[in-house]
Amino acid sequence: MTAARLASISVDLDSLPHYCRIHGLPETLLDERARTLIHRVAVPRFLELLAEVGVPGTFFVIGEDLESDPGAADGMRRSHAAGVEVASHSHAHDYALTRRGPDAIAEDLARADAAILKAVGVRPSGFRAPGYTLNADLYAATVAQGYQYGSSAFPAAPYYAAKAAVMGALAALGRPSRSVLDTPRVLLAPRVPYRPDPAQPYRRGSGPVLELPMTVTPVVRFPFIGTFATTLPRGTMRAAYRTCRADAFFNFELHGVDVLDATDGIPPELVRQQRDLRTSATKKVERLRSIFQWLKDDFDVVTLRDAAGRLSATL
């Protein structure tokens, strides 16, 4: 009997201040409501969408949001009660986390775990790095924290090139991005689940923390992520989906902003820079509903924790 093919749907709950940092904009643009939009508006929309389609999901939450916003902690408790996995997206979502050294990295991850444990009553099983950037120090910290899996590798050549171009343009304008460009070695990382080499985690090895890369297409490695799924023509995404449909594991990654738009109270300065916010939330949700259904029809959709548990025996 052939093993069932697996898929997971995960959402990075990056709050809007982090988008200001990416685009070199002052965080003072955001009022208190805008700062909490991801947890107060996007999370309920995703919970409703997942329940409607009848599939589970994984939320990657930032620890400091749980500490500073009681609404965020309450939302994660409700998410956990609804069967959504709550995983770690670090404590401070520091884009330069890999450059902070082993002690600072370990402290960040431990603090995030403590915040998640306090909020939902369960320690996280998995981790996704801020900005998808992974190195030996960060991988070692995930091992020390006892994570079952990581999901940070994003070997998407078009994304890497676009990110480098945007960061260069912002620097030229005198408002440098606080994002960090990963090593080009990420582009050679496996596009399927693997056990990393602890010294070079974008290579295969025998590390104890399983890596579940985000889905990119074969050959050109076009990223199948929420930003493109909600804004590109449906036919384009359907064609990209077909190239990945035979994969043993499909890891569909999204962000909270993928169900928000300009009418949700986002400052126009940020909307001008984050162009996907110009697409209506209604249209985005409709598109995501279709893609979630594609996954449900073709795969056994599970949380990343459950996917790691089932894949570990074969890797």
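User: Which elements each supply at least two residues of the lining of the largest pocket?

Analyst: This is a predicted model, and its largest pocket has a volume of about 770 Å³. Of the 31 residues that line this pocket, the closest to its centre are I22, H23, Y159, T227 and Q274. The elements that each supply at least two residues of the lining are α1 (16-22), α8 (157-172), α9 and β9.

User: Which element gives the most to the lining of the largest pocket?

Analyst: The lining of the largest pocket divides into 13 nonpolar, eleven polar and seven charged residues. With five residues, the element that gives the most to this lining is α8.

User: How many residues of the lining of the second largest pocket are charged?

Analyst: The second largest pocket has a volume of about 250 Å³, and of the 15 residues that line it, the closest to its centre are R35, T36, D65, S68 and D69. Its lining divides into two nonpolar and five polar residues, while the number of charged residues is eight.

User: Is D113 buried or exposed?

Analyst: D113 lies in helix α6 (residues 102-120), and its side chain makes a polar contact with the side chain of Q145 at 2.7 Å. Because its relative accessibility is 3%, D113 counts as buried.

User: On which side or sides of α10 do its buried residues lie?

Analyst: The buried residues of helix α10 (residues 234-244) are M237, A240, Y241 and C244. Because they cover an arc of only 105° around the axis, they lie on the same side of α10.

Terms used. Residues are numbered from 1 along each chain as its sequence is written. This is a predicted model: local features need pLDDT of at least 70, side-chain atom pairs count only at pLDDT 80 or more; totals for chains, interfaces and linings use all residues. Side-chain values use heavy atoms; hydrogens and water are left out. Helices (H or I, at least four residues) and strands (E, at least two) are DSSP runs, numbered from the N terminus. Buried means under 20% relative accessible area, exposed over 50%, partly exposed in between (1.4 Å probe, protein chains only). A polar contact is a pair of N or O atoms within 3.5 Å; within protein, one must be able to donate a hydrogen and the other to accept it, and residues adjacent in sequence count only if both atoms are side-chain atoms. The arc is that of the directions from the helix axis to the C-beta atoms. On a 1 Å grid over the protein atoms alone, a cavity is a set of points where a 1.4 Å probe fits but cannot get out, and a pocket is an open set with protein on both sides within 12 Å along at least five of seven lines; lining residues have an atom within 4 Å of a point. Grid points are joined across faces, edges and corners, and a volume is the space filled by probe spheres set on the points. Ala, Val, Leu, Ile, Met, Phe, Trp, Tyr, Cys and Pro count as nonpolar, Asp, Glu, Lys and Arg as charged, and the others, Gly among them, as polar.
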